[in-house]
Amino acid sequence: MTATTTGRPAPAHAPQRRRPQSRRRGGGLRRMRQATPLTYFALLLTFVLSVFPLWWMFVVATRTTTAASQFPPALVPGGNFFANVERLFANTSANFTTGMLNSVIASTSVAVSVVFFCSLAGFALAKLKFKGRGFFTVAVVVTMAVPVQIGLVPLLILMDWLGWRGELQSVIVPFMVSGFGVFMMRQYVLQTIPDDLMEAARIDGCSTFRIYWSVVLPALRPAMVVLALLTFMQTWNEFIWALAVLTPENPTVQFSIQQLNQSAFARDFALMFTGATFATLPLLIIFFVFGRQLVGRIMEGAIKA
Amino acid sequence: MTSLQHGAPPSPSPGSPDGAGPRPPGPRERARARRSEMLSKLDTRTSPYLFITPFFLLFGVFGLFPLLYTVWVSLHDWSLIGGNEGFTGLDNYVRLVGDEKFWNALYNTLGIFVIAVVPQLLLALLLADTLNRRIRFANLFRMTLILPYITSIAALAIVFSVVFGGEQFGLINQLLTALGLDPIAWQGDRYWSWAAIATMIDWRWTGYNALIYLAAMQSIPKDVYEAADLDGASRMRQFAQITVPLLRPTIIFTVIISTIGQMQLFTEPTIFGTNGYGGGNQGQFQTVMMLVFQETFDYQNFGYAAAVSWVLFLIVVVMGLINVWLTSRIKGAE
């Protein structure tokens, strides 16, 4: 990204002067090809394909059920949104109010807990000296590759033992830590916290936890925000485990909309799409507020990988 | 502790009431100093372990234990209501080998994986190459790439199920009819149902992978291309012979991540279907994970579901190892 922004002025002038001899090469040191009309066509197509399903979801949510089977598809919102919302929250099989509330509580608590525990462990693995540090660091990386969802049946049995089946904590506690989070925090601590700062705090008589709390946490804020957002999104989106362990009476929002989808009667598309819109809404808000940061994080992670 | 006083002279030590300058420490101060030194030693020794304990404890209880316990459950006759009803050895595995439904589910899972991931990664490469130019609204287009990735899987699976829809009413079939073509049996036909599910997966993940490839492309040194330019290599050749080979580690990374994810495919086909975990009236798009759910909840057969899960786990591990082995072979060949 920095290369793009800092390098931009130079090639803008350079190729114009040298166009006859090296048009294909672009601008000398900075090689960035010019976009052709085909480039913009491809990008525009991508844009339309990415946005259309979301937009159409919203449009049907503002109309009646017949809009879902109209062709050509309805593209302009209608006036039925609030009536649909009312029906959605009144629907007895979906328990949508409970679902939304449960999802907000679960996603928020998992995000807070992941950020806390992962930054704590990441800090220890990055900066503290102790026996077995290398081993534990490798262990964290290994946990990232383990597909734990496969242990679904025993996890259900465990929930029975604990009496948590159907309770909200069953979709919170198992997700309170993440190997990805620990690893991400460790990398960030290594990059941002100089050893001198740690030493200075130690000499001032800070306990290790105090150093974490007053020196490390403030410096980690940007990474913590990103980890919190990613975790919130992931928990909000969680479907498999919620379906396995919760009940239709006490669902998460994703479970709620599946209840509408699998209704025994004729499926009410306007209702389903209104539910789907609500299930997507918090994620869209995050996207509009923090989208650029998330793009940066995904690209950053790619280079390290 | 002495170093502490040197390091922070301005703050008056709470131990000395008058706060006047350095003074030979009395026996009390010395005892206190020893105690705090011990405390600080205890702190530096135990804190690291305390800090990593929550992670390993929670992972152990809710991640590792269930995974290992799967093996134990799979060796028993275990039902939802009756609980453990006795050791049965490898019976569940014997049943699995002869179970057509298992092989069918595995075939579906692998099939959907292939027709989803191959076009997805190729498209992502092309998209990344398209974005790796001087373009207007670069940020807008990058944001567009991750828009599908951040949406709710279940919500969009519902939308796509309606887009594909039944015989007549789905948007795509209406479009086909308008073009004078025959509508497609998206639910009834095995391979068309795979295509519908693969579309949902690719809609979500293509942009995300493109973004990862774009980042990797931008870290390729520019002079590599300049040398190729001087040699007169065309753009297409540069893409095929420089960009793709240099991106190989990144591509392998995305393949491994996709493998782990797609072998556990569940949400899209479950929502696409209308018969619970059955995956279509003939099980034409029932995945292995859906079979696990069916055995667990519809037939309440925990033992068999655990055996299926464990075999799925082994398949994921083997596929991961094959990936790693291929990687090292390719590296060795160079």
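Trainee: What percentage of the 305 residues in chain A is buried?
Mentor: This is a predicted model, so the figure is computed from predicted coordinates. A residue counts as buried if 20 or more other C-beta atoms lie within 10 Å of its own. Of the 305 residues in chain A, the buried share is 39%.

Trainee: How many helices and strands does chain A have?
Mentor: Read along the sequence, the pattern is α-α-β-α-α-α-α-α-α-α-α-α-α-α. The totals for chain A are 13 helices and 1 strand.

Trainee: What share of the contacts in chain A with a separation of 6 or more joins residues 24 or more positions apart?
Mentor: Take the contacts in chain A with a separation of 6 or more. Then pick those between residues 24 or more positions apart. They account for 69%.

Trainee: Which residues of chain A does the UniProt annotation "transmembrane region" cover, and how far apart are the end C-alpha atoms of residues 104-126?
Mentor: The unreviewed UniProt entry lists 38-58, 104-126, 138-159, 171-190, 211-233 and 269-290 of chain A. In the model, residues 38-58 of chain A are 100% helix, with end C-alpha atoms 30 Å apart. Residues 104-126 of chain A are also 100% helix. Their end C-alpha atoms lie apart by 32 Å.

Trainee: Which element gives the largest share of the side of chain A that touches chain B?
Mentor: The contact takes 83 residues from chain A and 80 residues from chain B. The side of chain A divides into 59 nonpolar, 17 polar and 7 charged residues. The largest share, 17 residues, comes from α13(A).

Trainee: Which residues touch the most other members of the largest nonpolar core?
Mentor: That core has 154 residues. Leaving aside neighbours within four places in sequence, A:Leu227 contacts A:Val114, A:Val115, A:Cys118, A:Gly181 and A:Met184. The residues touching the most other members are A:Ala121, A:Leu227, B:Ile158 and B:Val159.

Trainee: Is B:Ile212 buried or exposed?
Mentor: B:Ile212 lies in helix α8 (residues 190-218) of chain B. The cut-off for burial is 20 or more C-beta neighbours within 10 Å. B:Ile212 has 25 inside 10 Å, so it counts as buried.

Trainee: At what angle do helix α4 of chain B and α8(B) pack?
Mentor: α4(B) spans residues 100-131, and the two axes are 7 Å apart. The crossing is right-handed. The contact's residues divide into 21 nonpolar, 4 polar and 1 charged. The packing angle is about 35°.

Conventions. Residues are numbered from 1 along each chain as its sequence is written. Chains are lettered from A and ligands numbered from 1 in the order in which they are written. This is a predicted model: local features need pLDDT of at least 70, side-chain atom pairs count only at pLDDT 80 or more; totals for chains, interfaces and linings use all residues. Helices (H or I, at least four residues) and strands (E, at least two) are DSSP runs, numbered from the N terminus. A residue is buried if 20 or more other C-beta atoms lie within 10 Å of its own, exposed if 12 or fewer, and partly exposed in between; C-beta atoms are placed from the backbone. A nonpolar core is a set of buried Ala, Val, Leu, Ile, Met, Phe, Trp, Tyr and Cys residues joined through C-beta atoms within 7 Å. Two residues are in contact if their C-beta atoms, placed from the backbone, lie within 7 Å. Axes are lines fitted to C-alpha atoms, for helices over the stretch in contact, and angles run from 0 to 180 degrees between N-to-C directions. A crossing is left-handed if the near helix is turned anticlockwise from the far one by less than a right angle, and right-handed if clockwise. Ala, Val, Leu, Ile, Met, Phe, Trp, Tyr, Cys and Pro count as nonpolar, Asp, Glu, Lys and Arg as charged, and the others, Gly among them, as polar. UniProt positions are given in the numbering used here, feature names are shortened, and annotations may be inferred rather than shown by experiment.
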